[in-house]
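Student: I am new to this structure. Please take me through one part of it closely.

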Amino acid sequence: MRGVVEGPLGQDRPLYEVKANLFKGLAHPVRVRILEILIASDEVAVSALIEDLTIEASHLSQHLSVLRKHHLVVSERRGSQVFYRPAFPEVADLLHAARRLLVDILTQAQQQMHDSQNLPALPERSVGSR
């Protein structure tokens, strides 16, 4: 059946639901920032993420768990260090596309604000009239 994802990721759900679930993995500013940091490097140690994000280790662990659950990052333990990297190159593509979209949205909103300054003034409302 077209448009249905089968197996452990999709649980036989329509593709739009699977996509929505992927975006849930991105639905927190800290997780987006983690991904931005990861795509800027080949891989990043958890200790460096804690330092860069200035959050508690337990909070970082929760966010990394969500990103792993949604297959956005992978980890590798080397000795006492754990390193993370994006699971797929498309994660970077997705963040870049989101940034381009956001810039377009903000540019359009800024143009609308500029255009609204040229609207004619409204007449003053007299006191007592409704």
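This is a predicted model: local features need pLDDT of at least 70, side-chain atom pairs count only at pLDDT 80 or more; totals for chains, interfaces and linings use all residues.

How many bridges join β4 to β5, and which way do the two strands run?

Tutor: Six bridges join β4 to β5, and the two run antiparallel. Residues are numbered from 1 along each chain as its sequence is written, and side-chain values use heavy atoms, with hydrogens and water left out. Strands (E, at least two residues) and helices (H or I, at least four) are DSSP runs, numbered from the N terminus. Two strands pair if DSSP finds at least two bridges between them.

Now the turn. β4 and β5 form a hairpin with two residues between the strands. Gly-79 takes a positive phi there, near 65°. Arg-78 stands opposite Gln-81 in β5.

β5 covers residues 81-86 and has another partner, β3 (residues 44-45). Two bridges join β3 and β5, which run antiparallel.

β4 spans 73-78, and a loop links α4 (57-69) to it. His-70 sits in that loop. What does His-70 touch, not counting residues up to four places away in sequence? Its contacts (heavy atoms within 4.5 Å) are Asn-21, Leu-22, Lys-24 and Gly-25.
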